[in-house]
Amino acid sequence: KRLGIAALRSALDQLAEVGEVRKYGESRLDFAKRTSYPALVPLTEYHYDYAYGRGETVAKRFLQLREELHHQIANRHPLYLRLLGFLSPISWMRVR
């Protein structure tokens, strides 16, 4: 039931691990457009639709978009940077 929230939250956590976080006052959608990850904008829009009860939400689509974003992050950032972010105990605290 809360897959939409969990999918976007895990995406934002993973982005924070590689140093990409929202600026103060920046909306999630503006952040998605600024970071230029192709899967982040539809994931964010899909999350908004889910949160506000617009349209039909399908768990499979959330998971598909989340997986696409994971691959885009992996292709853009080297393994050592992703590992350092993953091991950091405070990277999740920078997520807004």
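Q: Which residues of the largest nonpolar core touch the most other members?
A: In general, nonpolar side chains of soluble globular proteins tend to be buried together. A nonpolar core here is a set of buried Ala, Val, Leu, Ile, Met, Phe, Trp, Tyr and Cys residues joined through side-chain atoms within 4.5 Å. Buried means under 20% relative accessible area, exposed over 50%, and partly exposed in between (1.4 Å probe, protein chains only). In this structure the largest core has 17 residues, and Leu15, Tyr37, Leu40, Leu43, Leu69 and Ile73 touch the most other members. Helices α1, α2 (28–35), α3 (40–51) and α4 (59–76) each supply at least two of its residues. The largest share, five residues, comes from α1. Helices (H or I, at least four residues) and strands (E, at least two) are DSSP runs, numbered from the N terminus.

Q: What kind of model is this?
A: The model is predicted: local features need pLDDT of at least 70, side-chain atom pairs count only at pLDDT 80 or more, and totals for chains, interfaces and linings use all residues. Residues are numbered from 1 along each chain as its sequence is written, and side-chain values use heavy atoms, with hydrogens and water left out.

Q: How many aromatic pairs are there?
A: A ring pair is described by the distance of the centres and the angle of the planes. Rings of Phe, Tyr and Trp (its six-membered ring) pair if their centres lie within 6.5 Å; planes under 30 degrees apart count as stacked, over 60 as edge-to-face and the rest as tilted. The count here is three. Tyrosine 46 and phenylalanine 62 have ring centres 4.7 Å apart and planes at 65°, so this pair is edge-to-face. The pair links helix α3 to helix α4, across 16 residues. Phenylalanine 62 is buried at 2% relative accessibility. Tyrosine 50 and phenylalanine 62 are also edge-to-face, with 5.8 Å between centres and 90° between planes. Ring pairs link Tyr46, Tyr50 and Phe62 into a cluster.

Q: Which residues form the salt bridge?
A: Side chains of opposite charge can pair when their charged atoms come close. The rule asks for a side-chain nitrogen of Lys or Arg within 4 Å of a carboxyl oxygen of Asp or Glu. The whole structure has one salt bridge. Glutamate 26 pairs with arginine 34, with the closest N and O atoms 2.9 Å apart. Glutamate 26 is buried at 13%, whereas arginine 34 is partly exposed at 38%.

Q: Where does serine 36 lie?
A: Serine 36 is in the loop between α2 and α3. Its phi is positive, about 60°, although it is not a glycine.
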